[in-house]
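Biologist: Please take one part of this chain and examine it closely. Then relate that part to the rest of the structure in a connected account.

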Amino acid sequence: MQQGTMMRKVKSKNWKKQRYFKLQDDCMTIWYKSKKPGNAKSAFSVSDVETVRDGHQSEVLQSLAEEFPPEHCFTIVFHGRRGNLDLIAGSAEEAQCWIQGLRRLVEVVTNMDQKEKIDHCTWICDWFQKADKDKDGRMNFKEVQHLLRMMNVDMNEEHAFRLFQMADKSETGTLEGEEFVLFYKALTQRDEVLKIFQEYSKDAKKLTLLEFVDFLEQEQMESKGIEELAMEMIERYEPSETAKARHVLSIDGFLMYLCSPDGSIFNPEHRKVFQDMSQSLCHYFISSSHNTYLMEDQLRGQSSVEGYIRALKRGCRCLEVDCWDGPNGEPIVYHGHTFTSKIPFREVVSTVEKYAFQVFDYPIILSIENHCSIEQQDVMAQQLKSILGEQLLITTIDGRVPVQLPSPEELRGKIILKGKKIGCLEDSLDGQPDEDPEGEDSEEEEEAMEDMLRNEAKRKEKKSKQSLSEELSDCIIYCKSVPFSSFQHSRIHFKPYEMSSFTESKARKLIREAGNDFVRHNAWQLTRIYPSGIRADSSNYNPQDMWNVGCQMVALNFQTAGTEMDLYDGLFSQNGHCGYVLKPWFMRDTETTFSPENPQSRGNSALSLAIQVISGQQLPKVPNSKEGSIVDPLVRVEIHGIPADSAKRETKYIDNNGFNPQWGETLHFQVRVPELALLRFVVEDYDKASRNDFVGQYTIPLTSVKAGYRHIHLLSKDGTGIPPASLFVHIQMVDLSTEID
């Protein structure tokens with residue numbers, strides 16, 4: 001890999017270009033370039049790679065299966081929404097060299113513990129590579145000045161030269177190896193952390209076990225087994241073996257603890273499944289995707305099984321499949337009546353079978369948008385049964401008609417179909433189906449119905465019900481789609497295994513008119529919300545409004561980054577990221593009095609929240625910014641929850657310092673329903689002449705927030721990490737109990 005290999009980079013059946021790939025000396029960077037002289041190099045970091053798939057495991061490589069053998073082919077899959085890299089090696093040996101080598105490097109990066117990440121972190125190597133312009137393995141002062149500009153540091157030349165001389169132990173006028181690490185550590189010294197350390201350290205040099213216990217108890221609000229916790233943290237993060245033996249913590253160990261997952265704002269206990277998973281399916285928020293097959297917009301975008309793979313890997317448990325009649329009697333999946341590309345239904349089902357339970361084994365719901373003829377519906381049913389086998393749920397778990405929906409725990413490893421059904425579940429269990437299909441309107445029909453309601457002349461028009469295949473109908477068990485009339489009608493006439501879908505606009509109307517009725521409805525029956533059809537650009541609506549009334553399947557366009565997906569990722573980051581989040585207790589009672597417009601209805605248990613934004617660390621430059629420009633960062637803290645709780649506060653901006661900006665500002669909030677609140681931190685580059693530029697963000701459920709001094713590891717617009725960019729904050733939460741306005 002370090003010697004370099006010529007391979008074909010493939011984008012389509014007709015686009016195959018030779019590229020020279022080489023692993024750099026840092027064993028963290030791979031660059032590649034065209035054979036043509038003078039062409040610019042492209043590069044990526046091993047830390048950007050999620051996995052490596054061997055063989056024909058992408059649609060592009062599958063299309064070339066007859067031309068190139070699978071043992072020559074592999075796909076590099078990146079984190080986030082970045083496109084995959086399909087490659088064809090000249091031989092099976094070369095392909096295996098890169099496949100095994102990359103997998104090993106990815107494993108090393110993934111398993112690197114916090115101590116290694118701070119002492120030998122990949123970004124130190126990255127910065128050195130970027131700054132070493134003449135690639136001689138050394139860095140002169142001119143290159144140091146270039147590095148400072150890249151790192152968002154606005155430092156005067158005299159101070160920079162002093163740091164350079166201090167690090168140049170060999171007095172050669174250049175920095176290399178350990179000298180550069182020394183320079184980097186001097187540059188990244190954290191005075192605000194040192195101040196906290198010295199407040200608790202009697203001799204200002206170390207924290208004794210008891211001093212560290214005091215810090216954990218008084219600042220970090222730890223309450224259980226604190227002495228054991230302190231010992232564990234010292235053992236885990238103290239780099240000095242001598243200090244470890246004495247059960248003391250040095251400033252380096254203290255900083256490592258604060259920068260670690262244990263010092264993160266996110267409660268580490270919530271990184272695993274910690275909620276009760278034995279309750280009815282309708283008592284959970286369920287991670288749900290809209291038009292899962294689309295990679296781009298709704299009109300001309302690419303349809304791909306990659307959309308299903310990505311959704312499943314990020315914990316999505318409800319996938320949408322738009323089915324239409326295809327050629328040769330084979331149903332296809334695409335966004336009907338548009339120019340989006342098409343994929344065989346069979347390939348979608350095979351992809352779901354392969355990836356459904358790779359990460360989590362809680363149930364998958366396939367939301368079938370059925371536009372097929374009876375003949376091709378029969379084909380769909382046959383393919384679902386033959387490919388999914390026992391994973392496909394085709395009867396109730398106990399053979400009886402359910403009085404309530406089963407739990408995620410009872411449905412582990414099962415794939416459930418959502419769609420229209422002929423007659424009732426009771427009939428199919430008795431083997432006596434009714435003649436006429438009954439079901440909710442499809443998404444297109446639902447939106448057409450809303451238009452009709454606005455026009456009195458068209459109110460009486462209705463689309464004729466589509467004919468339904470009995471074989472496909474029999475596969476619908478716990479998620480039978482039914483048309484919605486009113487909450488009262490549903491309560492009287494509908495069953496727990498029946499459910500309705502709403503456009504975002506219809507859902508908002510119901511929330512405004514009958515918020516409490518909506519909450520009660522969602523306590524016993526599933527509801528799915530989907531984006532308006534006018535969102536041709538695959539934009540998203542605010543999911544928080546729907547969660548506020550307990551809607552379980554709030555389907556978003558996962559392919560589109562933005563605030564809405566940040567909130568989505570934030571909510572589902574808890575409970576082990578398994579795609580199911582237990583709703584608050586007051587939303588699981590069919591007689592609840594709770595309404596998002598009337599928070600007092602759940603009792604008086606408000607929270608006072610004080611967030612001190614202390615500092616930032618190595619905030620990235622805004623993409624495509626001018627050469628030499630430095631960010632002017634500000635931090636906005638947002639609460640997303642019920643209307644009365646939703647609020648935004650922001651700090652002042654800091655001139656020309658993205659490297660180590662210091663704010664020291666405290667922002668105050670009062671949260672009436674903390675169980676539904678999400679806390680979002682946004683860093684922006686201030687611009688007085690135009691809109692601020694996005695730098696990074698982090699969103700977390702308020703119930704998963706840890707108090708005290710915490711680091712927030714920022715994410716990109718795509719939701720992927722941007723190490724080492726972070727914020728350092730202090731969080732204080734006070735339960736106001738009955739002291740509410």
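Modeller: Met221 lies in the loop between α9 and α10; helices (H or I, at least four residues) and strands (E, at least two) are DSSP runs, numbered from the N terminus. The model is predicted, so local features need pLDDT of at least 70 and side-chain atom pairs count only at pLDDT 80 or more, whereas totals for chains, interfaces and linings use all residues. Residues are numbered from 1 along each chain as its sequence is written, and side-chain values use heavy atoms, with hydrogens and water left out.

Although Met221 is not a glycine, its phi is positive, at about 55 degrees. Most residues other than glycine have a negative phi, and most peptide bonds are trans. Met221 is exposed, because its relative accessible area is 53% (buried is under 20%, exposed over 50%, partly exposed in between, with a 1.4 Å probe and protein chains only).

The axes of α9 (residues 209–218) and α10 (residues 226–237) are 9 Å apart, at an angle of about 110 degrees; axes are lines fitted to C-alpha atoms over the stretch in contact, and angles run from 0 to 180 degrees between N-to-C directions. α9 is therefore roughly perpendicular to α10, a term for angles of 65 to 115 degrees. The crossing of α9 and α10 is right-handed, which means that the near helix is turned clockwise from the far one by less than a right angle. From α9, Leu209, Phe212, Val213, Leu216 and Glu217 meet Ile226, Glu227, Leu229, Ala230, Met231, Met233 and Ile234 of α10, where contact means heavy atoms within 4.5 Å. These residues divide into 10 nonpolar, no polar and 2 charged (Ala, Val, Leu, Ile, Met, Phe, Trp, Tyr, Cys and Pro count as nonpolar, Asp, Glu, Lys and Arg as charged, and the others, Gly among them, as polar).

The axes of α14 (residues 345–355) and α15 (residues 374–388) come within 10 Å and cross at roughly 30 degrees. α14 is therefore roughly parallel to α15, as the angle is under 35 degrees. The crossing of α14 and α15 is right-handed. In this contact, α14 supplies Phe345, Arg346, Val349, Ser350 and Glu353, while α15 supplies Met380, Gln383, Leu384, Ile387 and Leu388. By class, there are 6 nonpolar, 2 polar and 2 charged residues.

Just after α13, Gly315 has a positive phi of about 95 degrees.

Ser538, a residue other than glycine, has a positive phi near 65 degrees. Ser538 is in the loop between β20 (527–530) and α21 (544–547), and it counts as buried because its relative accessibility is 0%. The peptide bond from Pro723 to Pro724 is cis, with omega near 5 degrees; Pro724 belongs to strand β30 (residues 721–737).

A nonpolar core is a set of buried Ala, Val, Leu, Ile, Met, Phe, Trp, Tyr and Cys residues joined through side-chain atoms within 4.5 Å. The largest core has 66 residues, of which Leu319, Val321, Leu366, Leu384, Leu417, Phe518 and Trp547 touch the most other members. Helix α20 (residues 504–521) gives the most to this core, with 6 residues. Beyond its neighbours within four places in sequence, Phe518 is in contact with Phe487, Phe502, Ala507, Leu510, Ile511, Thr527, Val549 and Cys551. A second, separate core of 34 residues includes Ile265, Leu619, Val637 and Val729.

The protein chain as a whole has 22 helices and 30 strands, and 56% of its 741 residues are buried. Of the contacts in the chain with a separation of 6 or more, 68% join residues 24 or more positions apart.

Methods:
Angles under 35 degrees count as roughly parallel, over 145 as roughly antiparallel, 65 to 115 as roughly perpendicular and the rest as oblique.
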